Structures are given as structure tokens and as C-alpha cells.
Amino acid sequence: MKLRISDAPFPGAPVMVMISGLGGLGGYWLAQQNALSQAYQVVVYDQRGTGDNADTLPEGYTLADMAQELHRALALHGVQRYAVLGHALGGLVGLELALAYPGAVSALVIINGWLSLGAWTRRCFDARERLLLDSGPAAYISAQPLFLYPPQWAQENQPRLEAEEALHNAHFQGTENLLRRLWALKTADYRESAARVTTPVQLICARDDVLVPWTCSQALHEALPHSRLDVMASGGHACNVTAPQPFHSLLYAGLAALTPAPHKETV
């Protein structure tokens, strides 16, 4: 698996691995790469079956498989310990990493995640799946901003949405891959395993997320023994994209509380 690993900003800098959501593309994290690159060695990647890591996913592919693949790829690059910043599906892959490799994950930040798939989010996923199967990838991609962004932000950023739509059409992961990633996401359930997570976790969510109600993060917070919950007033499902400044303020505060502050080593 190909990873994009930035230069360390100073010797011994901690590593931050960013895991995107259902779309799978590492480019989702542009704003966070810029914000964290002075304090962390940043790792982004296109998930298996997407972008630079094109592949045909097997039936029964799971979030645990995604976590194992990433952990192995990091180990091949000499990364033994790292923090994780994950959005939705990416946050749940982070949970899988924390459960399977507790000694490797120093901290975990989950954006708009959940403990188990709720009825509303399942309805949204089912509608998107029917749109994909009945009307094709272009229709699926065209509808995606409805679930990601607040209406006012989307209205004010039409050129960006058009550019994103063109990009996603050009790099579509394929219907079968997307359906298998959706299946992995819909079947993930942490109601029994969350209590075993020893990694410190920050949960960030937005009250106006139309895909995953913010109360899903609240339920996840109540189930995780070492977690904190930060709720943004607005920002939608992609709150780290639409409201980067308030998001980064919460992220910095959470990381400072969860982990020792990154610092340059003195000679």
C-alpha cells in the first residue's frame, strides 16, 4: 500500500495518520495537513481500492481488514507508534487499530463517528446505495454534497463543489468496491468492544450533521472509557472542511489533553 509521508518537522516528531471516510482519498485532509505539519510527521493515503491504491476488494471486506492493511504498511515504513485522525469510516478504522494494536496507537480522534449504525444513518446509506445502483456513479457523486455540507456553505462554495464532483468522477473507485466498503461500514458494531479501548480518544462532531446525528458521538463517548467529546455548533458531516478554524481549535485542545505536547528535541 502506498503511503504519503511528510518530512518530520523536527527529529523525533510524533506521527499523525489521517484516515478519510467512505470516499477513501487522502486529499480530503488538505487543511489538516497544513495545520499539523509543524508539529507532526503527517501520513495520508488513498485507501485500498481507491486512488493511488487501486485494487479489487474481496467479498466480506471489513474495517478490521482496513486497519490491518494500514498497520502493516506503516510498519514497513518504520512507523511503530502513531496518533490517528479519522473521519467517519476512518475514525472507525482508528477504533479497530486501537483494539488490535493498543501499543501502537498513542491517541485517536474520531470525527462524526458512531458506536453502531443508527436507523437514520442506515436510511441515508441505503438511499445512497439505491441511487448508485439505479442511476449510476455520476448521480451518486452529484448527491454526495447533500450529506456532507451545510446548505449555506455549499451555496457559497459552488465552484469548489463542481471541482470536487469532477475529481470524484475521474477517480471513482468502482461500484463493486464502493458497495463492499459500504457493507463493511454498515456492519461494524462496537457496542461490545468499546469498553476494551485503552487508547485516549477525542470525539468531534457537529450538531447539524445530516448524515450522522451528533448524539451518535455522545453514545460513543459514553461507551469509551478514556474519551472526551467536543460538539461543534455547525459544520455538517465534513466539519473539518467547512469550518477548519473552530475545528482546529478543538483538535489542538484535545490533542494537548490526550497526549504530551510535541516538541523539538534539544541538542
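Guide: Happy to. Let's start with the largest cavity, which holds about 150 Å³ of space. Keep in mind that this is a predicted model.

Visitor: Which residues line that largest cavity?

Guide: The lining is made of Leu22, Gly23, Leu25, Tyr140, Ile141, Gln144, His168, His171, Phe172, Gln173 and Leu178. H5 gives the largest share of that lining, with three residues.

Visitor: And how does the lining of the largest cavity divide by class?

Guide: There are six nonpolar and five polar residues, and no charged ones.

Visitor: How many cavities of 30 Å³ or more turn up in the whole structure?

Guide: A search finds three. The second largest cavity has about 60 Å³ of space. Around it sit Ile141, Gln144, Pro145, Leu148, Tyr149, Leu161, Glu164, Glu165 and His168. The elements that give two or more residues to this lining are H5 and H7.

Visitor: What classes of residue line the second largest cavity?

Guide: Five are nonpolar, two are polar and two are charged.

Visitor: OK, now pockets. How much space lies in the largest pocket?

Guide: About 590 Å³. The lining of the largest pocket has 32 residues, and Tyr28, Gln144, Leu148, Tyr149 and His168 are the ones nearest its centre.

Visitor: Which elements give two or more residues to the lining of the largest pocket?

Guide: Those are helix H1 (30-36), helix H4 (119-135), helix H5 (137-148), helix H7 (158-170) and helix H10 (239-242). H7 makes the largest contribution, four residues. By class, the lining of this pocket counts 18 nonpolar, eleven polar and three charged residues.

Visitor: Changing topic: what about helix H3, how far does it reach?

Guide: H3 covers residues 89-100, twelve in number, and its first and last C-alpha atoms are 17 Å apart, close to the expected 16 Å.

Visitor: What covers the buried residues of H3?

Guide: The cover includes strands E2 (15-19), E4 (82-87) and E5 (105-111), along with helices H2 (63-76), H8 (175-187) and H9 (214-223).

Visitor: Let's pick a residue in E5. What does isoleucine 110 touch?

Guide: Isoleucine 110 lies in strand E5. Leaving aside neighbours within four places in sequence, isoleucine 110 is in contact with Gly86, Gly91, Leu95, Val201, Gln202, Leu203, Ile204 and Leu220. Gly91 and Leu95 are among the buried residues of H3.

Visitor: Is isoleucine 110 buried or exposed?

Guide: Buried, with a relative accessible area of 0%.

Visitor: And which residues touch the most other members in the largest nonpolar core?

Guide: Leu63, Tyr82, Leu95 and Trp114 do, in a core of 54 residues. Setting aside neighbours within four places in sequence, Trp114 contacts Ala88, Leu92, Phe125, Leu185, Tyr190, Val212, Cys216 and Leu220. Another core, of 21 residues, lies apart from the largest one, with Met18, Tyr40, Leu85 and Ala206 among its members.

Visitor: You mentioned Ala88 as a contact of Trp114. What is phi for alanine 88?

Guide: Near 50 degrees, which is a positive value in a residue other than glycine. Alanine 88 sits in the loop between E4 and H3, and counts as buried at 6% relative accessibility.

Visitor: What about asparagine 112, where is that placed?

Guide: Asparagine 112 is in the loop between E5 and H4. Its phi is also positive, near 50 degrees. At 1% relative accessibility, asparagine 112 counts as buried.

Visitor: One last stop: which residues does leucine 229 touch?

Guide: Leucine 229, in strand E7 (residues 227-232), touches Leu203, Cys205, Ser217, Gln218 and His221, not counting residues up to four places away in sequence. Leucine 229 is partly exposed, with a relative accessible area of 24%. The C-alpha atoms of leucine 229 and glycine 254 are separated by 9.0 Å, and these two residues are 25 apart along the chain.

Technical notes:
Residues numbered from 1 in each chain as written. Predicted model: local features only at pLDDT ≥ 70, side-chain atom pairs only at ≥ 80, totals over all residues. Heavy atoms only, no water. Expected span 1.5 Å × (residues − 1). Buried < 20%, exposed > 50% of the residue type's maximum accessible area, 1.4 Å probe, protein only. Contact = heavy atoms within 4.5 Å. 1 Å grid on protein atoms, 1.4 Å probe; cavity = no way out; pocket = protein on both sides within 12 Å on 5 of 7 lines; lining within 4 Å. Points joined across faces, edges and corners; volume = space filled by probe spheres on them. Nonpolar A, V, L, I, M, F, W, Y, C, P; charged D, E, K, R; others polar. Core = buried A, V, L, I, M, F, W, Y, C linked by side-chain atoms within 4.5 Å.
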